[in-house]
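Let's take a walk through this structure together.

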Amino acid sequence: MELADLAAIAEKERAARPPVEVRCCTAAGCASAQADKVLDGLKKAAADAGLDGKVRAVSVGCLRLCSRGPLVQVDPDGTLYANVTPEAAPSVIAGLAGGPVAAERLDPAGPFFAGQASVVLENSGRVEPERVESYIAADGYKALYKAVREMTPAEVVEAVTRSGLRGRGGAGYPTGVKWATVAKNPGDRKYVVCNADEGDPGAFMNRSVLESDPHKVLEGMAIAGYAVGANQGYVYVRGEYPLAIDRLTTAIKQAGKLGLLGTHVFGTPFDFRVDIRIGAGAFVCGEETALMASIMGGRGTPTPRPPYPAEKGLWGMPTLLNNVETFANVPRIIRDGPEWFAGIGTEKSKGTKVFCLTGKVANTGLVEVPLGTPLRTIVEGIGGGAQGGAIKAVQTGGPSGGCIPAELLDTPVDYESLGKIGSIMGSGGMIVMDGASDMVDVARYFMEFCMDESCGKCVPCRAGTVQLHRLLTRIVDGAAGPDDMARLESLCHMVKDTSLCGLGQTAPNPTLSTLRYFRKEYEAKLRTDRRVHLPVYTPTVNGTPARRTP
Amino acid sequence: MPTAPPAAEARPVPHPSGDKRFKLLEVAMKKHQFRPDALIEVLHAAQQLFGYLELDLLLFVARHLKLPPSRVYGVATFYHFFALKPRGRHTCVVCTGTACYVKGADGLLAALRREAGVGPGETTPDDNLSVLTARCIGACGIAPAVVLDGTVKGHVTADALAAEMKGWVPGGTG
Ligand SMILES: Cc1cc2nc3c(=O)[nH]c(=O)nc-3n(C[C@H](O)[C@H](O)[C@H](O)COP(=O)(O)O)c2cc1C
Ligand code: SF4
Ligand code: FES
């Protein structure tokens, strides 16, 4: 495969494209609203109307406004229809010639769409995820060519470092630094792992990317493999995402056939294979050491770091582990250059981030914005504000994150700003809550989640989350006194400070952040007729009380 | 902790029952060269073939992958996906992820208890229906979501779910 061959495939694909393309989202959200039948209806109607060669109905990935699916978009004029039923499909085709369409019409220039960016999702809803040719026609695999044929591995690492890209899996660790570490660590074999476990309940960004544009992730992984010197990649996908697994499997096969993956990528000595590992429903497997244990067929229990995966990962070898969205950013960085990427976002948080906007908000779905965009712009501008009442809080970061009160909606969404107000960026879940949500119950909900998902390896998390859940339940039930509040706070800090892995260390976050901003709701539920004083845990460092982050 | 993958040679010990599915499972294991680190893939395949993982089945897997039975049992019980008990003829998975929680997943569980008399993790006495919960199935955009026999349904109301259940739980239990 040469650049000319790639160009030939792209050219052939473009030449075969009819003047009008009717694109129907068939990703999981729309699929559950019968998108497959809508697509069949569109295809049949086009054939019946004798429009072969003029109009083509195709299956694409997410068109972002998931709550109003199935969504259908007409290219090139951009007309967008929502809630298209299989019965209404023929009218969409008839509508091309000016007939009435029996589906709701959306404004693609409306606030939900116009306020968004398109880097990670640039191909989502445009290319056909099940056809590699379609991705190639959208400049796919050019970045991989450029990397393996025109750049040294060190130059690739350097480019990723200069782009300022940070991990999109939650913690925001600089991606270039991680790549450089894996590249320099010696090992007979090295591995690249894509974390597609997406355990944060209320988030589906990674699923969408995999279902809408799987080749982009594979291309990113292959570039990473070249940069760090790995020949084997794994994508660890959660078992709850069967469609993503299917599309990824198809993509790997198709890329292999064209010599874009496998042995001698683009005719170079570089080999890169990708295999899929399917998760089996354990949140803790999103944690990197647990994930690797799971890939090796074991129980997904975390191990202490160091050693970090970059030193000793899969089978004791240096392993690069990144999130789906992190990899999806890589091809553009290589193709358009790190400076282009670094031009988006803020000083310390570069690029865009995909969020999954859900809960009590008018427009729910997938949202991509430059980092640093104020939270208000996302939930009120793009999201259209709360349905009915007013927004009370926005939850980010899932069970490891916090609840941001309405007063702080002007906070820019970047790693540091969210950290400062007691939440985290997380992987991209953004759940809007209105007055109907009881914040103590929200804290209890997340604690229950962590309690259920604790792997049980270390005591602070295994026993602590159970006790915290009990305390929160007592408060919700109105059976707790002020002493229970003191106990709750003290135990939160204990679990945070002493747990082995990120799950336990962050499990108290939703409780702590609701205590910080919605303390009155807790206090209103307390009984005042009981008062017992209990010893309170104070963390110490060499005998002096340690400084504690709020 | 698993070590480097050993090149285990095939060691076919057919299952005494003569059940064809064991043969298919052996084929699946062979595809992974009987590597112990393919345990999770093998258990996925086994559950797909048999519906759930019986102890006898776990022993069969342990022997073929040359793993101690404790290890196989430990892995099978660690992950929520693996069922060690048979499930009902129909399954209803209610998502209790955050987006669904905010949009009233509790109401759906209450409706199921009312209509079918069973809660999360339970199966009706006539084996018709198992109610399960999941922590986010990635359909948050259409919350609250349920999965009825493998088909995802979004924007579900308690009444709609109760109506669905009428066909599965004859007469209901009150
Ligand atoms: C309990 C727990 C769950 C996690 N779940 C995920 C996840 O679902 N997806 C993910 O990409 N990272 C998850 N992480 C973070 C990973 O451990 C890891 O930091 C990340 O995948 C690194 O990729 P990045 O640098 O590209 O962000 C989780 C961490 C913890 C502690
Ligand atoms: S903190 Fe929790 S999840 Fe992490 S190792 Fe300890 S028990 Fe397991
Ligand atoms: S929270 Fe229910 S599908 Fe995500």
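Which residue in strand 3 of chain B is the bridge partner of Thr123(B)? Keep in mind as you look that this is a predicted model. The partner is Ser130(B). That bridge belongs to the pairing of strand 2 of chain B with strand 3 (residues 129–134) of chain B, which is antiparallel and runs over two bridges.

Now step back to the whole sheet. In chain B, five strands form an open sheet with mixed pairing, in the order 2-3-1-4-5. Its edges are strand 2 (122–123) and strand 5 (151–153) of chain B, each pairing on one side only.

Helices accompany this sheet. Helix 6 (residues 105–116) of chain B lies across strand 1 (90–95), strand 2, strand 3 and strand 4 (146–148) of chain B, and runs at about 150° to strand 1 of chain B. Helix 7 (residues 158–168) of chain B also packs on the sheet, where it touches strand 1, strand 3, strand 4 and strand 5 of chain B. The direction of helix 7 of chain B makes about 20° with that of strand 4 of chain B.

Let's finish in chain A. Helix 20 (residues 482–498) of chain A packs against helix 22 (residues 509–517) of chain A at an angle of about 135°, with the axes 10 Å apart. Helix 20 of chain A is therefore oblique to helix 22 of chain A. The residues of their contact comprise five nonpolar, three polar and two charged.

Technical notes:
Residues are numbered from 1 along each chain as its sequence is written. Chains are lettered from A and ligands numbered from 1 in the order in which they are written. This is a predicted model: local features need pLDDT of at least 70, side-chain atom pairs count only at pLDDT 80 or more; totals for chains, interfaces and linings use all residues. Side-chain values use heavy atoms; hydrogens and water are left out. Two strands pair if DSSP finds at least two bridges between them. Helices (H or I, at least four residues) and strands (E, at least two) are DSSP runs, numbered from the N terminus. Contact means heavy atoms within 4.5 Å. Axes are lines fitted to C-alpha atoms, for helices over the stretch in contact, and angles run from 0 to 180 degrees between N-to-C directions. Angles under 35 degrees count as roughly parallel, over 145 as roughly antiparallel, 65 to 115 as roughly perpendicular and the rest as oblique. Ala, Val, Leu, Ile, Met, Phe, Trp, Tyr, Cys and Pro count as nonpolar, Asp, Glu, Lys and Arg as charged, and the others, Gly among them, as polar.
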